[in-house]
Structures are given as structure tokens and as C-alpha cells.
Amino acid sequence: DQIIYTVSIFLCSVVAFVIRRHISELGQLRSQLAHFSLQRTLCLCCESGHVHPRTHEEMPCDRQLVERALKLWFDRRVEADALASTNKAEHTETSYLDFFDGQVRDEIYSHLR
């Protein structure tokens, strides 16, 4: 009986630790998503001057690739929304990035509340 009791206490402690850690990490994720901004993210290619840290070969810019794809996907929609809006919000060069940031904050964050 003592062994079963000891193992039970140990397993309960492990489960409690895992649950507390999961809840803490979920809170961090919520905070990160609530303040998400693609424009403020760091990327290895830019941080290393577009030179691979180990091989020292030139690296393409991930940020440019991602931003180009987002512009293709969202720029026309953002422009149309600005034109259709009653307040005629200004369409800026980075409006599509702001739109994407909003989508991440609204769509993904809302599933974690």
C-alpha cells in the first residue's frame, strides 16, 4: 500500500506540474497573440545580415518573401475595404500588413479566450 501511495503522490505531482506549465505557456501565447505584429518580428536572415551563421553563404530574405506573399493576398482586399468604408480610411503602403496583424489577433486569439 505504501508503494501505491508514494507512486500516486509522485504521479499527481507530475500531472500538476505539467498542467501549471501548460497554463503558464498558454497565458504567454495569449499575450503574444494579443500584441502580434509581423512588422516587429525578428528573423534570422535579417539578424545575421543575410549570411548563414554556419556556412557563411548568402541567405535570401524571409521577411521580403513573406511580405510579398501577404501583399498579393491582402492588398486588394484592404484597398477595397478602404474605398468602401464610410470614413475612407487611408490606404498606406503597409495597410496589408496591418490587416494581416489584425487577422492574427482577431481570428487566432479569439480561439484561446
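Among contacts between residues at least 6 apart in sequence, what share joins residues at least 24 apart? In this chain the share is 51%, where contact means heavy atoms within 4.5 Å.

## The model and its confidence

Welcome to a predicted model, in which local features need pLDDT of at least 70 and side-chain atom pairs count only at pLDDT 80 or more, while totals for chains, interfaces and linings use all residues. Residues are numbered from 1 along each chain as its sequence is written, and side-chain values use heavy atoms, with hydrogens and water left out.

The pLDDT, the predictor's confidence in each residue on a scale from 0 to 100, averages 86 over the chain, and 89% of the residues score at least 70. Confidence is highest in H1, with a mean of 92, and lowest in helix H3 (residues 62–84), with a mean of 82.

## Overall make-up

Of the 113 residues, 19% count as buried, that is, under 20% relative accessible area; exposed means over 50% and partly exposed lies in between (1.4 Å probe, protein chains only).

## Helix H1 (residues 2–34) packs on helix H4 (residues 95–110) at an angle of about 155 degrees, with axes 9 Å apart. That makes H1 roughly antiparallel to H4, given that angles over 145 degrees count as roughly antiparallel, under 35 as roughly parallel, 65 to 115 as roughly perpendicular and the rest as oblique. The axes are lines fitted to C-alpha atoms over the stretch in contact, and angles run from 0 to 180 degrees between N-to-C directions.

On the H1 side, Arg-30, Leu-33 and Ala-34 meet Val-104, Arg-105, Ile-108 and Tyr-109 of H4. This contact divides into five nonpolar, no polar and two charged residues. Here Ala, Val, Leu, Ile, Met, Phe, Trp, Tyr, Cys and Pro count as nonpolar, Asp, Glu, Lys and Arg as charged, and the others, Gly among them, as polar.

## A closer look at H4

The buried residues of H4 are Ser-95, Tyr-96, Leu-97, Phe-99, Asp-101, Gly-102 and Val-104.

## Leu-42 in its loop

Leu-42 sits in the loop between H1 and helix H2 (44–47). Leu-42 counts as exposed because its relative accessible area is 68%. Leaving aside residues up to four places away in sequence, Leu-42 touches Glu-47 and Arg-63. Leu-42 and Arg-63 are 21 residues apart in sequence, with 8.9 Å between their C-alpha atoms.

Definitions and conventions. Helices (H or I, at least four residues) and strands (E, at least two) are DSSP runs, numbered from the N terminus.
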